[in-house]
Amino acid sequence: MSTAALSLGDVLRRASEHLGKTSETGRLDAELLLAHTLGRHRIELYTDFDRPLSTDELDAYRAVVARRARHEPVAYILGEWGFRRLTLNVDRRALIPRPETEIVVERALAHLSGLDAPAVLDVGTGTGAIALAIADEHLDARVTAIDVSADALALARENVVRTGLAVDLREHDVAAAGLPGGPYDLVVSNPPYVELSDLETLMPDVRDYEPHVALVGDRMPEVVARAAVGVLRPGGHLVLEVGDGQALAVAATLAGIGYLDVVTTSDLTGRDRVVEGRRD
Ligand SMILES: C[S@@+](CC[C@H](N)C(=O)[O-])C[C@H]1O[C@@H](n2cnc3c(N)ncnc32)[C@H](O)[C@@H]1O
């Protein structure tokens, strides 16, 4: 980008090309970052393509585009991200909530449907996304959320305040101490499911920016499933997000532990990413 009097449309075109070299979503990234820089909604950019940008605006935009070109995720640059009906604070203290995790919430809500004041436990809550979305969409749910990371919990606490929703947050390590409280009608979790040996194969956007405690886990779906047996009420449900290619094995694990009605659900791209079962 050179000199002044560049229009918004010019700047967007140049930034899209530049970011397209390192991101599969160069145009979208460029638009989100420009809207953020100008304090506008993305859709408003389209009615303003001819507007010249001031030097200050250009400088601020260049700075965020440079961060994105170094693979920093757009969500971390914006500082907030949408999940279901909520907008949550996001930063490097916790994983960015993903679209496939919205399916986890959908399956969780299906099991809560018709229950009065159901008790729910979210294991590894990160930003609080799953717990808060359930509290938002099943109004009398009593939601507890745990995480081993004090940093993630501090961010989740900000999101409890931001959304005004009630979630009981606790620092707790499921691998070391099982699960607290109960009995729950539902245990839900998007546990870390990347093997340490696969960490290097992840995109730099993920590997170099998101917390490794949120990514890498040793048989965590099984750890959560075994611990959940002890805190679910009979007939209560477990809903787990799993990594691409892990659904069959996790479904077999759940069946082996004794869960009934083990079902897998695919995400919007057709990959099996959610495994659930019912406690006997
Ligand atoms: C994949 S992230 C999911 C975050 C959030 N639930 C979401 O779906 O966006 C996994 C989370 O589990 C937490 N975690 C990792 N090991 C844990 C453990 N042993 N006990 C409790 N939480 C753990 C991490 O700190 C991280 O926040």
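This is a predicted model: local features need pLDDT of at least 70, side-chain atom pairs count only at pLDDT 80 or more; totals for chains, interfaces and linings use all residues.
The relative accessibility of D29 is 3%, and because buried means under 20% relative accessible area, D29 counts as buried. When residues up to four places away in sequence are left aside, D29 is in contact with L19, S23, R68 and V74. A separation of 13 Å was computed between the C-alpha atoms of D29 and R70, two residues that stand 41 residues apart along the chain.

Helix 2 as a whole contains 13 residues, and the distance from its first C-alpha to its last is 18 Å, close to the 18 Å expected at 1.5 Å a residue. The buried residues of helix 2 comprise G26, D29, A30, E31, L33, L34, A35 and L38. An α-helix has 3.6 residues a turn, so residues three or four places apart point the same way. The cover over the buried residues of helix 2 includes helix 1 (8–20) and helix 3 (42–45), together with helix 4 (55–69) and helix 5 (74–78). Just after helix 2 comes G39, for which a positive phi of about 70° was computed.

The loop between helix 3 and helix 4 holds D48. A polar contact of 3.0 Å joins the side chain of D48 to the side chain of R40. Apart from residues up to four places away in sequence, D48 touches L8 as well as R40.

W81 belongs to strand 1, which is made up of residues 80–83. With a relative accessibility of 27%, W81 counts as partly exposed, because this class lies between the limits of under 20% for buried and over 50% for exposed. The contacts of W81, not counting residues up to four places away in sequence, are with L32, V74, A75, L86, T87, L88, V90, I96 and P97. One of these residues, I96, is 15 residues apart from W81 along the chain, and the C-alpha atoms of the two are separated by 7.7 Å.

Helix 6 runs through residues 99–112, and its 14 residues should span 20 Å at 1.5 Å a residue; because its end C-alpha atoms are 21 Å apart, the computed span agrees with that expectation. Within helix 6, the residues E100, T101, I103, V104, V105, A108, L109, H111 and L112 are buried. The residue G114, which follows helix 6, has a positive phi near 85°.

Several close approaches between polar atoms were computed at the ligand. A backbone N or O atom of V148 is placed 3.2 Å from a nitrogen atom of the ligand, and a polar backbone atom of V174 lies 3.0 Å from a nitrogen atom of the ligand. For N190, by contrast, a polar side-chain atom is involved, at 2.8 Å from an oxygen atom of the ligand. Taken alone, the ligand exposes 590 Å², and 95% of that area is buried by the protein.

Notes. Residues are numbered from 1 along each chain as its sequence is written. Side-chain values use heavy atoms; hydrogens and water are left out. Buried means under 20% relative accessible area, exposed over 50%, partly exposed in between (1.4 Å probe, protein chains only). Contact means heavy atoms within 4.5 Å. A polar contact is a pair of N or O atoms within 3.5 Å; within protein, one must be able to donate a hydrogen and the other to accept it, and residues adjacent in sequence count only if both atoms are side-chain atoms. Accessible areas come from the Shrake-Rupley method with a 1.4 Å probe; for residues, only the protein chains shown count as cover. Helices (H or I, at least four residues) and strands (E, at least two) are DSSP runs, numbered from the N terminus. The expected span of a helix is 1.5 Å times one less than its number of residues.
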